[in-house]
Amino acid sequence: MTKPRNLILVLGDQLTPTLTSLAAGDPAQDRVLMAELHDETTYVRHHKKKIAFLFSAMRHFAEELRRAGWTVDYVTLDAQGNRGSFTAQVAEAVAELKPERILVTEAGEWRVAQMLEGWRTTFPVPVEILPDDRFLCSPTEFGAWASGRQQLRMEYFYRDMRRRTRLLMDGDQPAGGRWNFDAENRKPADIDLFMPQPKTYQPDAISQDVLALVATRFGNHFGDLLPFRYAVTRADAEAAFDAFVREALPNFGDFQDAMLTGQPFLYHAVIAQYLNCGLLDPLRICRKVEEAYRSGTVKLNAAEGFIRQIIGWREYVRGIYWLKMPGYERSNHFGHTRPLPDFYWTAVTDMACVRAAVTQTKELAYAHHIQRLMVTGNFALLAGVDPHELHEWYLCVYADAYEWVELPNTVGMSQFADGGLLASKPYAASGAYINRMSDYCGHCRYDVKQRTGPDACPFNALYWDFIARHREKIRHNPRMAQMVRSYEKFAPDEQQRIAESAATFLASL
Ligand SMILES: Cc1cc2nc3c(=O)[nH]c(=O)nc-3n(C[C@H](O)[C@H](O)[C@H](O)COP(=O)(O)OP(=O)(O)OC[C@H]3O[C@@H](n4cnc5c(N)ncnc54)[C@H](O)[C@@H]3O)c2cc1C
Ligand code: SF4
């Protein structure tokens, strides 16, 4: 066996042919190592569909690399030589192949980044960690943007990213004369027989093998394994995205915040799982969306709304993650300690909105943003659930979940556990918000119009109880002060009924 010059480790969320570690290597002289590792599948017990998706996408990517001339050592989960962890697997490959150097692109998560750093002293060969250029803003650039600012608001970061990428710019002005069309994106959806569905795929032979493996090895993890309909190759993920641009993007903006019974996807793209493992490229898909706007097939509020999610929110939460790790995962501004209620795993609850969000999460490893933020996230915030337990739940249950993007969304945006670093106010809402944006309340055993009592929507008493419990922490927030004042104007017996209703409901969990 000839000795490779470089051993190139490709991680499970680095399925991109232009990855910096591959670009720095040479197919003729180097060896690629990829491995399905027990440690990575169980540090939280990921949804079965998420594991199957990643293993299948990894196996397809290994094939893509081989076709491009690379020699790839791919260690499946059930292979005899599987050592269970990155460090053990790489140690074995180093001992066996004796490469001159290890090349790896920097990790997406702090935990893995620490491990890669540790290799510099563990292994007898140099370890080169290369930047990940699949993001538009590096952690260092974000740090420079953040430094000296009193408040880190996404909107200003986003404008800089628009200027930098030139997306939706007319000269030095934003297309349409405004940076943000969010105010137009708050329509509730109606039942529509022609609602588009995301493009789906039948599992091929590689996916079938993976599905059998996951069924055997991870049968006791959360979620339904079948049906399995994901794209697992770059070409299919691109085709799924193109179908979204044609069919759903025209309505993406208008109904971005809507929720509808029996419609898990509405007009969302359902692509975060492809983007986050490297099958889709963020800038490339934004350019396609801009093209759709420039050619007149979608309106500006849809194109801008979509592009803002990618070059704004996605990059911004990653910047916050690297700025604040380690430690961010333990943020708990409100001191919440309640264990996560069982119905986050079982979907057994009378609350129709929570039941719908958790049921589809179990079936599809997917819920759209407003379900995550305003249903499961909002409930946990109002009920005082420990943000760290909630973070582990979100990290487990969604096919697109990686700590760098999940943690700031959960701890920062949805739980305000960082005290307002990321969000300008807690995303706390009563049943009225869910009623306005969905049709769930019409199918619910609770009455959204009642504030207290056994038949009242639990979100209502919990909302006012949250305001009451935390009023000293939120009264100076200009976006919350009005709610504190409203609570303080309630008669004492109404305040008493709120406290009792909330306590009775929480005791029943
Ligand atoms: C509590 C909570 C946890 C979340 N956890 C994750 C997670 O683990 N992984 C993840 O990718 N997103 C997460 N999000 C953000 C968002 O909900 C998902 O990106 C989105 O629902 C994925 O579905 P989609 O592809 O249909 O998105 P669309 O609604 O169609 O949006 C298009 C794309 O924009 C990006 N995007 C939109 N909103 C955000 C956001 N707030 N942060 C980062 N990117 C965004 C995503 O890449 C998404 O695919 C979370 C949000 C909340 C409130
Ligand atoms: S009434 Fe309350 S619990 Fe029921 S669906 Fe509406 S918001 Fe959810």
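How far is an oxygen atom of ligand 1 from an N or O atom in the side chain of His 369? That distance is 2.9 Å. Before going further, keep in mind that this is a predicted model.

1. In total, 29 residues surround ligand 1.

2. Tyr 366 has a side-chain N or O atom 2.7 Å from an oxygen atom of ligand 1. His 369, from the opening question, has its own side-chain N or O atom 2.9 Å from a ligand oxygen. Asp 400 takes part through its backbone instead: one of its backbone N or O atoms lies 3.0 Å from a nitrogen atom of ligand 1.

3. His 369 turns up again in a helix pair. Helix 16 (residues 369-383) and helix 18 (residues 403-414) pack at an angle of about 55°, and their axes are 10 Å apart. With that angle, the two helices are therefore oblique to each other. Helix 16 passes helix 18 in a right-handed crossing.

4. Who touches whom in that pair? On the helix 16 side you'll find His 369, Leu 373, Gly 377 and Leu 381, and they meet Asn 409, Met 413 and Ser 414 of helix 18. Sorted by class, this contact has three nonpolar residues, four polar ones and no charged ones.

5. Now move to helix 12 (residues 282-294), which packs with helix 9 (residues 234-247). Their axes come within 11 Å and cross at roughly 25°. The pair is therefore roughly parallel, and helix 9 passes helix 12 in a right-handed crossing.

6. The residues of that contact are Glu 238, Phe 241, Asp 242 and Val 245 from helix 9, facing Arg 284, Ile 285, Lys 288, Val 289 and Ala 292 from helix 12. By class, the contact of helix 9 with helix 12 has five nonpolar and four charged residues, with no polar ones.

7. Helix 12 has another partner, helix 13. The angle between these two is about 165°, with the axes 9 Å apart. Helix 12 and helix 13 are therefore roughly antiparallel. In this case the crossing is left-handed.

8. Here the list of touching residues runs as follows: Pro 282, Ile 285, Cys 286, Val 289, Glu 290 and Tyr 293 in helix 12 meet Leu 300, Ala 303, Phe 306, Ile 307, Ile 310, Ile 311 and Arg 314 in helix 13. They divide into eleven nonpolar and two charged residues, with no polar ones.

9. The peptide bond joining Leu 226 and Pro 227 is cis, with omega about -5°. Pro 227 sits in the loop between helix 8 (205-217) and helix 9. Another cis bond runs from Met 325 to Pro 326, with omega near -5°. Pro 326 belongs to the loop between helix 13 (300-324) and helix 14 (343-346).

10. Last stop: Leu 266. This residue is not a glycine, yet its phi is positive, at about 45°. Look for Leu 266 in the loop between helix 10 (249-252) and helix 11 (272-277).

Conventions: Residues are numbered from 1 along each chain as its sequence is written. Chains are lettered from A and ligands numbered from 1 in the order in which they are written. This is a predicted model: local features need pLDDT of at least 70, side-chain atom pairs count only at pLDDT 80 or more; totals for chains, interfaces and linings use all residues. Side-chain values use heavy atoms; hydrogens and water are left out. Axes are lines fitted to C-alpha atoms, for helices over the stretch in contact, and angles run from 0 to 180 degrees between N-to-C directions. Helices (H or I, at least four residues) and strands (E, at least two) are DSSP runs, numbered from the N terminus. Angles under 35 degrees count as roughly parallel, over 145 as roughly antiparallel, 65 to 115 as roughly perpendicular and the rest as oblique. A crossing is left-handed if the near helix is turned anticlockwise from the far one by less than a right angle, and right-handed if clockwise. Contact means heavy atoms within 4.5 Å. Ala, Val, Leu, Ile, Met, Phe, Trp, Tyr, Cys and Pro count as nonpolar, Asp, Glu, Lys and Arg as charged, and the others, Gly among them, as polar. A residue is near a molecule or strand if one of its heavy atoms lies within 4 Å of it. A polar contact is a pair of N or O atoms within 3.5 Å; within protein, one must be able to donate a hydrogen and the other to accept it, and residues adjacent in sequence count only if both atoms are side-chain atoms.
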